[in-house]
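Colleague: I would like to learn how to read the features of a model such as this one. Could we take them one at a time?

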Amino acid sequence: QDTLSNLFSGIQVIASRQVKTGDYIRLNSGEEGFVTDITWRNTTIRMLSNSIIVVPNSKIASAILTNFNLPEKEITIRVDVAVSYNSNLEQVEQIALQTAKEII
């Protein structure tokens with residue numbers, strides 16, 4: 001029964017194209033990472049720590065899932081920065097942008 005459930009869920013996951021190889025996803029159970037493979041039975045996710053998670057497709061199909069690549073591949077990250085009231089805001093912005101470009 002589990003095998004059939006995973007088979008039909010795998011077909012649904014692949015056909016819906018809501019999750020594709022290369023997408024960055026987070027499951028409602030907390031696991032997150034890049035989808036590296038989707039087969040008829042399971043989906044493989046590579047976490048940022050380089051660990052691999054193998055999730056049965058029945059879990060993927062029934063999970064609340066966030067796909068950070070939809071509708072676009074760009075990801076927004078909020079970074080709080082504290083600066084002194086005496087700081088030159090133009091210089092702070094310039095340094096912040098330079099640092100962000102170096103990190104990317």
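Modeller: Start with a pair of side chains: Arg-26 and Glu-32 meet in a salt bridge, with 3.0 Å from N to O. This is a predicted model, in which local features need pLDDT of at least 70 and side-chain atom pairs count only at pLDDT 80 or more, while totals for chains, interfaces and linings use all residues. Residues are numbered from 1 along each chain as its sequence is written, and side-chain values use heavy atoms, with hydrogens and water left out.

Colleague: What is a salt bridge here, and to how many does the count come?

Modeller: The term covers a side-chain nitrogen of Lys or Arg within 4 Å of a carboxyl oxygen of Asp or Glu. By this rule the count comes to one salt bridge.

Colleague: How many helices and strands does the chain have?

Modeller: Both are DSSP runs numbered from the N terminus: helices are H or I with at least four residues, strands are E with at least two. This chain has three helices and five strands, in the order α-β-β-β-β-α-β-α along the sequence.

Colleague: Which residues make up the largest nonpolar core?

Modeller: A nonpolar core is a set of buried Ala, Val, Leu, Ile, Met, Phe, Trp, Tyr and Cys residues joined through side-chain atoms within 4.5 Å. The largest one here has nine residues: Val-19, Ile-25, Leu-27, Val-35, Ile-38, Ile-45, Ile-53, Val-55 and Ile-60. Strand 1 (24-27), strand 2 (32-38) and strand 4 (52-56) are the elements that give two or more residues to this core.

Colleague: Is Asn-67 buried or exposed, and what does the side chain of Asn-67 make a polar contact with?

Modeller: Asn-67 is found in strand 5 (residues 65-67) and counts as buried because its relative accessibility is 11%. A polar contact is a pair of N or O atoms within 3.5 Å; within protein, one must be able to donate a hydrogen and the other to accept it, and residues adjacent in sequence count only if both atoms are side-chain atoms. The Asn-67 side chain makes such a contact with the side chain of Asp-23, at 2.8 Å. A contact in general means heavy atoms within 4.5 Å. Leaving aside neighbours within four places in sequence, Asn-67 is in contact with Gln-18, Val-19, Asp-23, Tyr-24 and Ile-25.

How values were computed:
Buried means under 20% relative accessible area, exposed over 50%, partly exposed in between (1.4 Å probe, protein chains only).
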